[in-house]
Amino acid sequence: MTPAGVIDLHTHSRASDGTQSPRELVQAAAAAGLDVVAITDHDSAAGWPEAVTAAAEVGIGLVRGLEISARYARPRDDPSEGPARGPGVHLLAYLPDPTYPPLAQALERIIEGRRSRVPAVLERLRSLGVEISVDDVRAVAGDTVATGRPHIADALVRLGVVETRDEAFARFLGAGRPACVDRYAADLHDVIGLVVDAGGVPVIAHPWGRGNDLAILGAEQLAALAAAGLAGLEVDHEDHDATARAALRAIARDLDLIVTGSSDHHGLGKVGHELGCNTTAAEELSRLLTLAGQHAAASGRDAPRLVGRW
Ligand code: AMP
Ligand code: FE
Ligand code: FE
Ligand code: ZN
């Protein structure tokens, strides 16, 4: 089957920091006229089963994915110094087997880093005079294991400290703000290998967004990552302006990488990221699915099952 139509390959549900349940997300994708949507929660596949059921119900194509918290360690001149602590990079992983033990362990370590960061952030907030407890965060986070700053932001909104998630990031939680606490992320090279070994397809999310740019992930670095198994770049994303998109598209062409596009939808949690605001070309999704089949076969797995019509 050949994919066709409107394709959005990066969205979040309440399984991480989106504001819709997986079912609501998939229903909203169908209502928005999408033909294919990928669910790519941060560091967790917990939303997959509900999304699969909902996709079958509404007759939309569903690609199961993850957005894994990674860190790009710049190579050092002297390897004995060990890898440098590099900038955060989000890695989209399409159709991996999340029960593959090395991948499951990597995800569990990231989730534990998220879990242990919450009290540290709350401590900072209390030192700034904001009274907030773990229970306040739990009340808005629901049963997600991938607790993040957006949940703490939602708790601050609920407590009346700020009006919006954005204001919470601007005043307290964003990079360089007083309640921003770092957390563990997996090494990008390592996690690319784990995703391939798990039968999945690794694609860098918004490579030049969130403070990263060509100085950090330029053509040379991306070539090295492609040699390590990186399969694609998310070019069409709201964090990229037209110049960045053109430059990234040229790099992808030179390295023969898949080009994807997405909304990075978070429900009501991120304004300007409506479903389908950026999309992926059908032939690029075809390449991705072919590669997923090859990676599955190479690792002794069945070809990944895809839900819905293409
Ligand atoms: P964390 O996963 O805890 O490191 O938080 C990062 C997440 O916060 C990202 O995945 C975004 O969804 C969200 N985020 C980052 N900056 C903002 C912002 N300014 N406003 C709202 N959400 C944000
Ligand atoms: Fe997010
Ligand atoms: Fe991201
Ligand atoms: Zn995302």
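This is a predicted model: local features need pLDDT of at least 70, side-chain atom pairs count only at pLDDT 80 or more; totals for chains, interfaces and linings use all residues.
Residues count from 1 along each chain as written, chains are lettered from A and ligands numbered from 1 in the order written. Local features need pLDDT of at least 70, side-chain atom pairs need pLDDT 80 or more, totals for chains, interfaces and linings use all residues, and side-chain values use heavy atoms, without hydrogens or water.

**Stop one: the iron ion (ligand 3).** Select E67, H90 and H206: their OE, ND1 and NE2 atoms, respectively, are the protein donors, 2.0 to 2.3 Å from the iron ion (ligand 3). Donors here are N, O and S atoms within 2.8 Å of the metal (3.2 Å for Na, K and Ca); water is not among the atoms, so sites may look incomplete. The donor spacing in sequence is E-x22-H-x115-H. H90 is in strand β4 (residues 88-94), while H206 is in the loop between β6 (201-204) and α8 (219-227), 116 residues apart.

Now show the iron ion (ligand 2), which is 5.6 Å from the iron ion (ligand 3).

**Stop three: ligand 1.** Pick D166, where a polar side-chain atom is 2.6 Å from a nitrogen atom of ligand 1. Next, look at R149: one of its backbone N or O atoms is 2.7 Å from an oxygen atom of ligand 1. At D17, a polar side-chain atom is 3.0 Å from an oxygen atom of ligand 1.

How values were computed
Helices (H or I, at least four residues) and strands (E, at least two) are DSSP runs, numbered from the N terminus. A polar contact is a pair of N or O atoms within 3.5 Å; within protein, one must be able to donate a hydrogen and the other to accept it, and residues adjacent in sequence count only if both atoms are side-chain atoms.
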